[in-house]
Amino acid sequence: MQCKDLEAVLEQEGLSPLPVEAREHLAGCTACQNFLADLSTIVVAAKQFPAEADPPDRIWISLRVQLEAEGVITAQNPVAVMEKTPWWQNFPTFLRPRTLAAVGAGVFLVASSLYIMERFGRPQTGKIDKPPVAQAAKPVTPAQTNPVGTTAAKHPNVPPSNQIATKNPPAQPEDSSTVLRPSPSENAFGDSAIVLSQTESDVQSMRPAGSLRVDAALRQNLRTLNEFIAECEQHLKQNPQDQLAREYLNSAYQQKAELLAAMIDSGRSEH
Amino acid sequence: MCASTVMPGTTLRGIRRIRTTSSAAFVQLARQRPAETVEWTEAEAIRRAQTGNSTAFEFLYQLHSRRVYALCLRMMGNPADAEDLMQEAFLQLFRKISTFRGESAFSTWLHRMTVNVVLMRLRKKSLPTDSLEETLEPDAENSGPRRDIGAPDLRLSGAVDRVNLERSIEKLPPGYKTVFVLHDVQGYEHNEIADIMGCSVGNSKSQLHKARTRLRELLQEEVREQARQERQSAKSSTASLD
């Protein structure tokens, strides 16, 4: 074996254990002995270096910030999810301001919905709550009078159970039998129409909202709806069996209720 | 994950307990993340990290950061570069962790990224003269260090101290340095180095042998230089006495 052969052996097999031939060559070659001794010294010295080193904590902090900024890290409290806790221990989480605010908003929405349903969306029972005396006594101009009311006066053949005049005497000095007797075609909307007309008169008497443009737009929409309702009623008067016109009228009343609610809210928020 | 893929010399086998503690210097972090103890396997942590779990990311970081930092520190020779490169390596790793399918060991994947990041940085520096491609070519006779067998050798026994060796390692070409640090300092086997470096096992062995041989030459130069300086200082002291 030559010196270069020994080097090839060292390259492929490492420093130890060496084959017999290599050891025989080493025994008689000082240069290779020195070479092998030096490599062994280097390897031993290199193994003294630490294979691990503590990095500064700031690296992880910086890394985490970067990963969060890039959206790589998404879950913030995973350990809490892992550890199953009894349900009663999670009560304090409901006392957080954000949770309380969400619950409060939900309660407010439900209450508002109930209020609106109570005021505008009550199902027909043939009975109508007596309106406030001040409103009932208020003279109603023809323009403010609800369309149903005006048409009702022209249709006297209303069943007694639906006659509102027996419960709510009208403020106008007209014959009660001719004022509040909706025709059969308007019978389904009679109660709602009366409530809406009263609400409309309330809204008309309210001060304008802070934004005059909004108030004007709402009033314009109300006028348009009233015109549409009048048209529908006119059509139903001529064709009482027209279901499509009836549906249109129903939808128009619903829109009017929503519009009046919006106008009330708008005025209330400003006052 | 098979046992052979676990990093050699590590104590982090199987379940690893990580205790996150806050220090006074990082009060802000401690506020964000209370002290917590997590017991996961590496595979579980990887799976959770793939869903964006921050604790899993930290677990993996704590599991591997010490070795990665040591590698960067040894390769770059200064803490500032080592920190920078380690952060870059982990950043790349975590960005791509959703693509990890477990074909190779996670530590191998991480070290491959680290080595790539380090070598790219070293190539940008003008000091090293040999590129990885050059040093990874075992057949190029002129690319590796050559040893004159018959030349007078300077025995290094007793002359190799930590400072000399560190200085000489810094002078190694990037390819040699990477293989030497991975094998002789960090304790990786040649098959693992081949995975990390993307080369053959034989190539890894060849690189290691050439790195050791080159180191020997560099150390001999160091020893000669030191001897020369000692002689000069002795001469100057003698002249001043005269």
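# Reading a predicted two-chain model

Student: In this predicted model, over which residues of chain A does pLDDT stay under 50, and how many contacts beyond four places in sequence does the model have for them?

Tutor: The pLDDT stays under 50 over residues 125-187 of chain A, and for this stretch the model has 97 contacts beyond four places in sequence. Where pLDDT is low, the predicted coordinates should not be read in detail. A further stretch of chain A, residues 77-83, also has a pLDDT below 50, with seven contacts in the model beyond near neighbours in sequence.

Student: What is the mean pLDDT of chain A, and which of its elements have the lowest and the highest mean values?

Tutor: The mean for chain A is 70, with 62% of its residues reaching 70 or more. Among its elements, helix H10 (residues 176-179) of chain A has the lowest mean pLDDT, 39, whereas helix H4 (residues 57-70) of chain A has the highest, 89.

Student: What does chain B average, and where is its pLDDT below 50?

Tutor: Chain B averages a pLDDT of 75, and 69% of the residues score at least 70. Over residues 1-35 of chain B the pLDDT is below 50, although the model has 37 contacts for this stretch beyond near neighbours in sequence. The value also stays under 50 over residues 131-152 of chain B, for which there are 29 contacts beyond four places in sequence. For the model itself, the scores are ipTM 0.72 and pTM 0.52.

Student: How many helices and strands are there in chain A, and how many does chain B have?

Tutor: Chain A has 13 helices and zero strands, so that its elements, from the N terminus on, run α-α-α-α-α-α-α-α-α-α-α-α-α. Chain B has 10 helices and two strands, and along its sequence the pattern reads β-α-β-α-α-α-α-α-α-α-α-α.

Student: What share of each chain counts as buried?

Tutor: In chain A, 20% of the 271 residues count as buried, while in chain B the figure is 40% of the 242 residues.

Student: How should I read the packing of two helices, and at what angle do H4(B) and helix H5 (residues 106-124) of chain B pack?

Tutor: Two packed helices are described by the angle between their axes and the distance between the axes. For H4(B) and H5(B) the angle is about 130 degrees and the axes are 9 Å apart; the two helices are therefore oblique to each other, and H4(B) passes H5(B) in a right-handed crossing. The residues that meet include B:Leu85, B:Ala89 and B:Leu93 in H4(B) and B:Leu110, B:Val117 and B:Val118 in H5(B). By class, this contact has seven nonpolar, two polar and three charged residues.

Student: At what angle do the axes of H3(B) and H8(B) cross?

Tutor: Their axes come within 10 Å and cross at roughly 135 degrees, which makes H3(B) oblique to H8(B), and the crossing is right-handed. Here B:Leu71, B:Arg74 and B:Met75 in H3(B) meet B:Lys177, B:Thr178, B:Val181 and B:Val185 in H8(B). This contact has four nonpolar, one polar and two charged residues.

Student: Why is helix H9 (residues 190-197) of chain B described as largely enclosed by the rest of the structure?

Tutor: Six of the eight residues of H9(B) are buried, so the helix is largely enclosed by the rest of the structure. The buried residues are B:His190, B:Glu192, B:Ile193, B:Asp195, B:Ile196 and B:Met197. After H9(B) comes B:Gly198, whose phi is positive, near 70 degrees.

Student: How many residues does the contact take from each chain, and which element of chain B gives the largest share to the side that touches chain A?

Tutor: The size of an interface is often given as the accessible area lost when the parts come together. Counted in residues, the contact here takes 47 from chain B and 40 from chain A. On the side of chain B that touches chain A, the elements giving two or more residues are helix H3 (54-76), helix H4 (79-95), helix H8 (174-185) and helix H10 (201-241) of chain B. H3(B) supplies the largest share, 12 residues. By class, that side has 18 nonpolar, 15 polar and 14 charged residues.

Technical notes: Residues are numbered from 1 along each chain as its sequence is written. Chains are lettered from A and ligands numbered from 1 in the order in which they are written. This is a predicted model: local features need pLDDT of at least 70, side-chain atom pairs count only at pLDDT 80 or more; totals for chains, interfaces and linings use all residues. Two residues are in contact if their C-beta atoms, placed from the backbone, lie within 7 Å. Helices (H or I, at least four residues) and strands (E, at least two) are DSSP runs, numbered from the N terminus. Ala, Val, Leu, Ile, Met, Phe, Trp, Tyr, Cys and Pro count as nonpolar, Asp, Glu, Lys and Arg as charged, and the others, Gly among them, as polar. Axes are lines fitted to C-alpha atoms, for helices over the stretch in contact, and angles run from 0 to 180 degrees between N-to-C directions. Angles under 35 degrees count as roughly parallel, over 145 as roughly antiparallel, 65 to 115 as roughly perpendicular and the rest as oblique. A crossing is left-handed if the near helix is turned anticlockwise from the far one by less than a right angle, and right-handed if clockwise. A residue is buried if 20 or more other C-beta atoms lie within 10 Å of its own, exposed if 12 or fewer, and partly exposed in between; C-beta atoms are placed from the backbone. pLDDT is the predictor's confidence in each residue, from 0 to 100.
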